[in-house]
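Biologist: I would like to go through the labels attached to this model and hear what each one rests on. Please show it to me.

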Amino acid sequence: GSVLLREATPWLGILDGLAIATILIFLPVFRFWRIPQSLRAQDEANITAADFSVYVTRLPKKLHRTHSCKWTHKEYEEALRDHFEKLLVHAHHHHRHHHSHHEHHHDHNQQSYHRVEEVTLVRHYDGAVGLLMQQGELLEQLANCHAGVQLKESAGDLKGAEKLRKQREKIKAQIYKLEHKLDGRSERHESSLPVCGAFVMFHRERYKATIVRLYRHQVSYFQRLFQPYGMRFQGSRIVVTQAWEPTDLFWENLDSHPPKRKCISWTMKTFAGALIFVVFLALVYLKSSDTAVDTSIPAGDMWFVRSRNDSNTCLNLCSWQLHEDVMCETKRVLPQLVWTPDKLEGQAAALHPVFNNTCWQSPTCQEGRGDLPRTGWIALQFQSEEAVRCMTFKQQPAGLRQVLEVFSCRARIANFSASDVSWNPSEHCSKLLDVEANSAPRGAANRTEFSTVRANIKSDHKCDMEQTYDAALRAKQTAVAAGETPQSSLTLRCFCVSQLNSQGTSFKLPPYNTPEKEVCREWIREDVNKVAFLAFSIVLVVLLNQVLLLVFTELDGLSQHLTSSGATSARLINLFWTQLANTAGTALLVSLNFHQTMNDAGLGWTQMGKGPYDDFDTRWFAVVGTNLFISIVCQVGSSLLLPALYAKILYPLTVRWYRPSAYTQRHTNKVYQYDDWDLASRLAETMNIIVCCIIYGGSMPLLYLVGVVYCFSAYWVDKWHLLRACREPRASDPSAIRTALQFLPIGCVLHCIFHVWIFGSQRLFPSSWGPLRGLMESILQFEASRYEDVVVKYNLGDTTVRSQMYGEYFRARMLDWARSACTLQCAALGVGALVLCCEIGRSLVRPMFLAFRGPIRRCLQKRAPILLKCMRSMLVIEEDVEGEHTLETLTEARDVCQCALRGSEQNAAVLCRQGAGGAGGHGTRERHSRS
């Protein structure tokens with residue numbers, strides 16, 4: 001019952017809030033503990049060049065010998081080596097100053113060799129590296145075509161050989177074009193080219209860690225503004241970061257200057273964002289076939305009332321008044337004209353006054369008067385056409401009726417004539433919903449005294465009442481005469497819907513050889529076009545997703561990402577937002593009706609907010625919620641089946657298609673080689689499903705089960721697909737995983753907003769006011785005493801009334817956030833919003849804040865050394881040089897790896913484990929101290 005539900009609703013809200021709190025607790029644990037732990041484990045198990053290297057950018061393009069610079073451009077590598085050697089010496093002396101008790105024999109060992117092992121410059125080749133890589137691919141195709149020509153000629157297939165010759169000539173033309181582009185770039189000597197960056201390799205890993213920590217807060221523009229002069233290279237504010245794994249690099253993108261690359265990257269991001277927005281609007285338009293039904297009361301200058309299903313029954317009405325508002329509270333009653341004998345000749349007695357001129361009777365009540373037509377309806381006429389939404393009346397005991405039929409009519413269009421006995425309001429007027437007229441109080445001693453009945457007048461937009469063919473035909477003629485489309489008539493639409501329900505889908509099929517089909521011809525065409533448009537939109541959405549995948553892949557290529565991990569993160573963001581908008585966003589925005597809000601904001605052309613549902617109710621969950629659930633389940637199914645479909649069907653077909661055109665061993669190897677595992681696409685699909693389950697799971701709990709089943713199944717499917725149907729993936733950093741984790745707080749915030757609205761709905765989850773009532777009243781400037789009046793009026797009103805009251809209704813529903821069932825949801829919403837703000841602050845505010853740490857530190861170092869000692873954690877050049885880092889040198893690591901490569905697999909594993917341990921087995925302890 002409602003009492004039990006009111007008692008259980010707060011507990012449902014608490015449980016849902018605890019679920020979101022669990023996710024918000026899981027995020028920092030997974031991000032700041034589990035991911036670093038996995039990184040350390042992987043780093044300990046593998047020794048690569050990246051463990052000893054850093055990447056330097058923002059270097060001066062060229063060096064010129066001046067009074068402040070003793071190096072020339074040809075001595076660039078020696079100058080950079082000298083810069084980092086001095087920084088390491090300075091950091092070591094700074095460490096000895098703070099740790100004078102440390103042993104000094106280790107310092108003697110440090111001076112026996114150079115700290116910087118190797119410096120490799122990245123020069124500006126003006127895209128020559130990429131052109132050479134393209135030329136290499138074309139040369140492989142040329143060799144394949146040449147071998148194919150020889151095989152075809154030896155087999156006597158002259159036609160196939162001629163086709164390959166033409167293809168070979170096209171490839172040669174492309175090679176010549178690339179050589180022409182490379183001619184001007186190969187004339188300059190390499191040592192004279194500008195420098196874009198540099199890879200610096202150190203002798204020990206702790207030296208690399210020292211440099212990385214020195215420059216850890218010198219990345220953004222604001223931070224580099226206050227970079228100490230001693231950390232600058234020849235006056236340039238450089239950026240030093242941890243070097244990437246060699247297999248993660250796009251070498252062809254390194255030979256471009258960082259400002260140019262960043263400009264291109266931001267251009268591509270802007271274009272991708274604009275493309276996602278355009279696609280979102282396209283998806284909204286494609287899914288907006290189901291629009292809101294106009295429930296406005298049809299205006300009329302004549303209003304008729306009669307007893308239901310009996311037009312010849314006597315009807316008595318007393319104090320019959322019609323009102324414009326839905327509550328019948330206006331003091332001003334609509335202007336009325338009472339029928340008088342000189343006004344309407346034949347049916348003047350229909351308004352025969354009784355009971356002190358306040359009651360009227362239908363002509364059927366006037367027995368014995370043969371001059372009156374036997375009609376059982378009563379009517380009022382207005383000076384102008386008015387929309388009536390509420391009426392009050394009383395009934396006489398002699399003519400008590402339980403249900404009354406109400407009609408709105410335009411006398412001018414309906415050709416009303418009081419002398420026409422055959423004229424019937426059901427054939428010429430708009431029929432509204434029946435009115436319950438049970439008004440007699442129980443036990444009334446005086447049967448002439450009746451309480452006033454207040455009844456709301458509503459249009460039959462649900463087509464609950466049966467319409468006749470004559471009424472539909474006249475409604476069509478009336479709409480045409482008024483200059484409107486025939487299908488806009490509510491009477492005609494309800495008649496066509498009833499015919500479709502009775503005859504089935506054959507009612508929509510031509511030919512239109514029956515009167516019913518003929519009168520519904522325009523409605524049938526509109527409905528068929530709507531279904532065809534919906535089917536077309538589904539196919540178009542599928543194609544659009546595939547086209548977007550290709551477009552985003554091309555954009556990643558144009559963005560000139562330095563690493564595969566960066567390209568994966570960028571493509572992940574684009575694909576996730578596109579899929580989330582397609583799965584969860586458009587269906588929600590298309591289903592809701594914001595009335596005139598979108599038009600007032602200038603967004604009416606987007607078709608958003610024009611759906612059939614004003615709020616989340618049982619009808620919304622039965623239709624839209626079911627569609628959302630099916631869409632998410634289909635997304636789960638496609639995500640799990642496509643890898644197997646590729647491995648078992650698409651890959652064999654691809655091999656069979658391209659195998660006949662492979663004539664060289666290199667080309668044949670490429671044909672049989674598996675594709676890369678598309679981490680961006682898999683992460684986007686996974687995060688889309690998980691975020692959708694989080695957003696809607698509180699009100700559709702089966703989605704939580706769907707999410708659990710998907711996570712369990714996706715683990716085994718991805719494991720099988722990666723090991724059995726993909727090539728060995730590139731080494732990558734955790735940037736893609738961290739980017740994916742940033743989507744979870746967004747899902748939690750959207751979940752809280754959605755379910756605060758759901759648990760605040762008194763139709764679905766009734767509950768009492770909570771402790772946030774006063775706060776919400778002050779924020780919204782809306783008192784709880786007005787809540788019931790606004791909500792009742794809005795729910796009783798038609799489309800016109802709801803459009804006028806939507807602002808007040810929205811504030812009333814916002815006040816529902818103060819319900820007891822929403823308290824924990826609001827708290828979770830605040831925590832989720834705080835997490836999002838922290839993420840935004842890390843990328844925007846934190847760089848500007850950290851930029852002032854250097855000047856503040858230097859100021860404190862001069863004026864407040866004691867305070868500075870208490871704030872040692874904020875020092876920029878604070879490094880534990882003698883910490884537990886890898887004790888093997890770069891040379892020892894190279895020797896170990898070379899021995900492992902020359903030995904067997906078993907010996908390789910043993911040697912690498914020995915190398916990772918280092919001298920005395922300190923490698924494992926050192927790895928855990930890395931930043």
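Modeller: The model is predicted. One definition to begin with: a crossing is left-handed if the near helix is turned anticlockwise from the far one by less than a right angle, and right-handed if clockwise. H11 passes H12 in a left-handed crossing.

Biologist: Which residues of H11 and H12 meet?

Modeller: From H11 there are Tyr-469, Ala-471, Ala-472, Ala-475 and Lys-476, and from H12 Thr-491, Leu-492 and Phe-495. This contact divides into six nonpolar residues, one polar and one charged. Lysine counts as charged, so Lys-476 is the charged one.

Biologist: What makes Cys-496 and Cys-520 a disulfide?

Modeller: Their sulfur atoms are 2.1 Å apart, and the cut-off is within 2.5 Å. The pair therefore qualifies as a disulfide. The structure holds one disulfide. A disulfide is a covalent bond between the sulfur atoms of two cysteines.

Biologist: Which parts does the pair Cys-496 and Cys-520 tie together?

Modeller: Cys-496 lies in helix H12, while Cys-520 lies in the loop between helix H13 (515-519) and helix H14 (521-558), so the linked parts are 24 residues apart in sequence. The link is left-handed, with -100° about the S-S bond.

Biologist: How do you know that strand E1 and E4 pair?

Modeller: Pairing takes at least two bridges. Strand E1 (residues 53-57) and E4 share four bridges in the antiparallel sense, so E1 and E4 count as paired. Thr-57 stands opposite Val-239 in E4. Both strands belong to an open sheet in the order E2-E3-E1-E4.

Biologist: Why do strand E2 and strand E4 stand at the edges?

Modeller: Strand E2 (116-123) and strand E4 (239-242) each have a single partner strand, so one side of each is left without a neighbour in the sheet. On average, neighbouring strands of this sheet are turned by 25° against each other, direction ignored.

Biologist: What makes E6 and E7 a pair?

Modeller: Three bridges join strand E6 (residues 316-323) to E7, and at least two are needed, so E6 and E7 pair. Cys-318 stands opposite Cys-359 in E7. The antiparallel open sheet here has the order E7-E6-E9-E13.

Methods. Residues are numbered from 1 along each chain as its sequence is written. This is a predicted model: local features need pLDDT of at least 70, side-chain atom pairs count only at pLDDT 80 or more; totals for chains, interfaces and linings use all residues. Side-chain values use heavy atoms; hydrogens and water are left out. Contact means heavy atoms within 4.5 Å. Axes are lines fitted to C-alpha atoms, for helices over the stretch in contact, and angles run from 0 to 180 degrees between N-to-C directions.
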